[in-house]
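Please examine the sequence and the structure below.

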Amino acid sequence: RWLNLMVRGDMKKPLLKSQLKALVVAEFMVILATSLSLPFWPVILKQYTHNPHSLHFWSMLVYALPLGATMLTAPFWGSFADRLGYKKMVLRASLGLCVTQALLCFATSPIWICACVLLQGVFCGFIASAQALGVRLSGSGKSTKVLGSLQSAVALGTLIGPLVGAMVLNRLPFQVIFALSALMCLLASLLIVFKTTEPVREGLKKGEASYQRSEQFSLYTKLCFVSVFVSQLARYMIMPVFALFVLHQLHGSLQSVGVLFAASGLGVFVFSPLVSRHKPTFFKRETCVVGALVMAAVLQLLLALSGKVWEASILRFLWGFSLAVILPFLYALAVDVSASSRHGRVIGFANAACKLGNLIGILAGGLLIQFVSLKMLFVLIAFVYLANALFTLLLQPVSKLMHLNQQRSPHEQSLESR
């Protein structure tokens, strides 16, 4: 029923629906596989080093290396997808994850683990590849729905993965986690091979806007990338001290940390299908993003004032609604103003901006907490969200000018250029 909700609506062709279902399931399996070990790297690394400073250093590297590598390589793989095929890039990512997870089964030192996760960041990037394939399969006008469906799969995998990983680690060696991850990535690869087809690659169509022909990226697309970066920066600023917020300000337990961490993911999972079914016009989509950013800012201010776990849980669940709107709508806006032959490259750069925002947000939060209180950090996060909302308002006049330019005849554009 969940899959039918994800892909129903305008996507009435049975073959298209089955392919999108397969893509959503494959994304869920891959995210579930990688989330099995995600919260437990310090526990795994503790088996190789007992020095606290050394443990912190290796833990930082394990989280930072794949993030930085993916940020740098996402545009490269997006460009390859436009030239070589989207399905091939999805398979490259899923099989790359399968290999690196299998190699982690034989880890003998922190260096081995760091090398594996670095390779994972360089050669994988499954989310960006799946997004590009989904957008190309769905065709124009349905990018918001597809991106929302894929984000919902990511949220569900992120929710279930740590729970399963904790159960496995309590009973079995950590190598079992990576063996399960490799197996799930292999199954996801087989699903892509047999249940999806390669979309027909198209060049620039006759009548596409002149700014698409003359530039690699339009100004509007670049502004969308900036908004994606700032949104993720604000989202991840609390990450380094999230557990401290729960334990000290809310006086919660370790179980409360897990519940609160999952609350926002649950919100994304619940609201993404509803958001993806909504079909705003191009300009209304920009307004929705601004509204979601303002809502996120208000929720951060309320979190700064919250003093109980149940209050913060509700606020983070509602924050999931904002998260379900912001990224899919921004990605869709960037895709919709770009030539169809460049969709993979656009999504690749958008994901690079996303990863950069994650990385800078974590670093900024860790630095700021040295000088401000937890409450003030939430206030600063709210300020970043509001600043991004004001910045996103600038997209509307830019997009209107671009649409006016697109509606002019080639003869008028030629006269102006003279």
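In this predicted model, helices α5 and α7 are roughly antiparallel to each other, because angles over 145 degrees fall in that class and their axes cross at roughly 155 degrees. Helix α5 covers residues 86-104 and helix α7 covers residues 126-138. Their axes come within 8 Å, and the crossing of α5 and α7 is left-handed.

The axes of helix α11, residues 219-236, and helix α17, residues 374-393, come within 9 Å and cross at roughly 165 degrees. That angle makes α11 roughly antiparallel to α17, since the cut-off for this class is over 145 degrees. The handedness can be followed on the model as well: α11 passes α17 in a left-handed crossing.

K88 is found in helix α5. With a relative accessible area of 47%, K88 counts as partly exposed, because this class lies between the limit of under 20% for buried and that of over 50% for exposed. Although K88 and V193 are 105 residues apart in sequence, their C-alpha atoms are 9.2 Å apart in space.

V193 in turn belongs to a nonpolar patch on the surface. The patch is formed by L95, L183, L186, L187, L190, V193 and F194, and together these residues have about 620 Å² of accessible area. Which helix gives the most to the nonpolar patch? It is helix α9, residues 175-195, with six residues.

Is V335 buried or exposed? V335 has its place in helix α15, which spans residues 309-336. At 2% relative accessibility V335 counts as buried, because the cut-off for that class is under 20%. V335 and I347 are twelve residues apart in sequence, and the distance between them in space is 7.4 Å, C-alpha to C-alpha.

Methods: Residues are numbered from 1 along each chain as its sequence is written. This is a predicted model: local features need pLDDT of at least 70, side-chain atom pairs count only at pLDDT 80 or more; totals for chains, interfaces and linings use all residues. Side-chain values use heavy atoms; hydrogens and water are left out. Patches are made of residues with over 30% relative accessible area and no salt bridge: like charges are joined within 9 Å, nonpolar side chains (Val, Leu, Ile, Met, Phe, Trp, Tyr) within 5 Å. Accessible areas come from the Shrake-Rupley method with a 1.4 Å probe; for residues, only the protein chains shown count as cover. A salt bridge is a side-chain nitrogen of Lys or Arg within 4 Å of a carboxyl oxygen of Asp or Glu. Helices (H or I, at least four residues) and strands (E, at least two) are DSSP runs, numbered from the N terminus. Axes are lines fitted to C-alpha atoms, for helices over the stretch in contact, and angles run from 0 to 180 degrees between N-to-C directions. Angles under 35 degrees count as roughly parallel, over 145 as roughly antiparallel, 65 to 115 as roughly perpendicular and the rest as oblique. A crossing is left-handed if the near helix is turned anticlockwise from the far one by less than a right angle, and right-handed if clockwise. Buried means under 20% relative accessible area, exposed over 50%, partly exposed in between (1.4 Å probe, protein chains only).
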